[in-house]
Amino acid sequence: MSLDLSIANALSGLKVVQRSIDTVSQNISNAQTPGYTRKTLAQSAVVIGQTGAGVQVGELQRVVDASLQADLRRRTGALSGQEVKESYLQRVEEMQGRPEDAQSLASTYGKFQDAFDKLSTSPESMSYQLEVVNQATSLTEQLHSMSSQMLTLRNQTQVEIGASVEAINGNLRRIADLNNQIIAVSQRGESTAHLEDQRDQSVLELSKYMDIQTVKSNDQRVIITTRSGLTLVDRSAQQLEFSQTTLDHNSYYSASPPGNIPGITLKGAPGRDITSALNGDGKLGALLELRDRTFPTLQGQLDEFAQKMAMRFEAAGMTLFTGTPGSYPAQPTKPGSPVPADIPGNYVGFAAQISVNLAVSNPDFVRYGDAGAPAAGAPAVTNQRILNVLNYAMGDTADVAGQPHAGFRNSALGPNPLANLTSDLPQVASLGSFVQTLVARQGQMRADVTADKTRTEELKNAVEMRSNDLSGVNLDTEMAQLTILQRSYSASAQVLRTAQQMMDTLFSAVR
């Protein structure tokens with residue numbers, strides 16, 4: 001090997017080592033930077049003829065695994081959605097309590113039934129009559145409060161949907177902007193590694209809100225689509241539009257025919273409703289499910305309890321509970337009835353309006369029922385009306401013949417006639433059994449979501465650990481690499497010093 005070639009090899013080695021030291025130093029300084037991936041320096045041998053002529057460096061390269069990144073995005077979206085559901089259902093559980101808790105709806109109904117039990121022993125007792133009225137009032141007030149809280153939570157999901165749409169739009173714009181920067185930098189022949197890190201971080205942030213897929217094009221663009229195939233980022237970013245509205249118990253979303261909650265559309269195409277394409281994993285999908293299915297179903301269960309309670313008391317001859325006059329169609333066989341007809345979708349929000357019959361201003365109404373007190377000189381009235389309430393309105397059967405009650409509906413709940421919201425409550429006969437299972441199941445929903453979230457979190461952490469092991473910066477490894485590079489630098493420098501000494505010797509010999 002010629003002396004000139006040795007010097008060229010040593011000089012190229014020094015340049016490569018210097019670039020490599022810069023790369024390692026950069027890794028170390030960014031070890032705690034979110035989204036930063038470990039960088040390596042591409043190197044290749046320079047060969048002239050059959051002789052090595054040093055080494056040349058290429059662009060910075062990221063150490064990443066695309067399949068791990070995709071898996072992490074899926075887990076991140078699933079976890080984000082489950083965290084949202086857990087947060088809302090935790091508030092439902094706190095509102096409901098457990099069936100045995102003193103403040104639960106089941107306990108309030110139990111006190112109401114106990115008041116009737118006591119009244120049956122002394123029907124003429126004014127204090128017992130007043131206790132029945134007071135417990136009935138407490139029961140309706142609790143139904144009002146729970147319905148109001150359900151509606152408040154549902155409206156909070158509506159607010160969060162709006163905030164999520166804004167966050168999604170911001171991430172879509174950032175990804176499109178980084179796409180353009182990466183293309184421009186790549187065309188100049190410069191490294192795009194740091195810009196790609198920023199883009200991946202924005203894509204991961206986007207995955208918290210929605211279930212997405214990514215495809216990388218030949219010009220280094222990342223194309224973003226929903227799982228259903230709707231393109232959100234290509235050469236530019238789509239923007240979502242959402243109109244914030246205040247919901248009531250009769251509000252519902254439907255794409256076709258449209259409901260009274262506006263859908264999410266694409267900017268510039270207001271008639272193109274894409275809400276269904278945004279369902280699935282992620283925060284936005286979870287919020288849509290809570291708004292359109294979970295809370296309407298939970299409210300439907302409360303409405304079912306309220307309507308069946310009012311209807312059964314009326315059938316037992318004591319119309320103790322009524323709705324707001326004119327708000328609900330009455331039963332066809334009882335056109336003047338203040339109790340809404342037992343027709344699907346006919347009594348949406350009834351739990352928020354049910355009230356105690358004004359007839360209880362005379363407390364002996366709960367003794368004599370709809371028939372009223374006997375006329376003067378008529379035979380004395382026993383406590384049979386009260387026993388009818390206990391045995392039939394509150395019991396497992398509708399009458400002395402053992403006819404079954406009209407069952408509690410477990411389908412066609414909620415305000416949307418096309419959604420066919422269903423309840424997973426088991427079929428029971430009595431009001432007491434229904435309210436017990438309702439409270440228990442609504443509390444169990446939170447526990448089920450928490451269990452799902454825990455499993456997803458464990459899977460996400462495992463994927464994240466594998467990704468960090470591959471792409472993250474290990475300070476011990478980088479420091480060891482820095483030591484090796486320093487030795488390589490010293491070796492290349494020693495080659496140059498030796499070559500200099502040889503050159504000096506040659507020049508001295510010539511002189």
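Q: How many bridges join strand 4 (residues 222-226) to strand 5, and do these strands run parallel or antiparallel?

A: Strands are DSSP runs of E with at least two residues, and helices are runs of H or I with at least four, both numbered from the N terminus. Two strands pair if DSSP finds at least two bridges between them. Here, two bridges link strand 4 and strand 5, which are antiparallel. Within this pairing, isoleucine 224 stands opposite valine 233 of strand 5.

Q: On what kind of model does this reading rest?

A: The model is predicted, so local features need pLDDT of at least 70 and side-chain atom pairs count only at pLDDT 80 or more, while totals for chains, interfaces and linings use all residues. Residues are numbered from 1 along each chain as its sequence is written, and side-chain values use heavy atoms, without hydrogens or water.

Q: In what order do the three strands of the open sheet lie?

A: The order is 3-4-5, with antiparallel pairing. Strand 3 (212-216) and strand 5 (231-233) are the edge strands, each pairing on one side only. From one strand to the next, the twist averages 30 degrees.

Q: Which strands does helix 4 lie across?

A: Directions are compared through axes, lines fitted to C-alpha atoms (for helices over the stretch in contact), with angles from 0 to 180 degrees between N-to-C directions. Helix 4 lies across strand 4 and strand 5, at about 65 degrees to strand 5. Helix 5 (residues 193-207) also packs on the sheet, touching strand 3 and strand 4, and its direction makes about 160 degrees with that of strand 3.

Q: How many residues does the largest nonpolar core have?

A: A nonpolar core is a set of buried Ala, Val, Leu, Ile, Met, Phe, Trp, Tyr and Cys residues joined through side-chain atoms within 4.5 Å. Buried means under 20% relative accessible area, exposed over 50%, and partly exposed in between (1.4 Å probe, protein chains only). The largest core has 85 residues, and Phe112 and Phe313 are among those with the most contacts inside it. Helix 4 (residues 126-187) gives the largest share, 15 residues. Contact means heavy atoms within 4.5 Å; beyond its neighbours within four places in sequence, phenylalanine 112 is in contact with residues including Val132, Leu139, Phe313 and Met394.

Q: Where is glutamine 220 placed?

A: Glutamine 220 is in the loop between strand 3 and strand 4. Its phi is near 80 degrees, a positive value in a residue other than glycine. Glutamine 220 counts as partly exposed because its relative accessibility is 24%.
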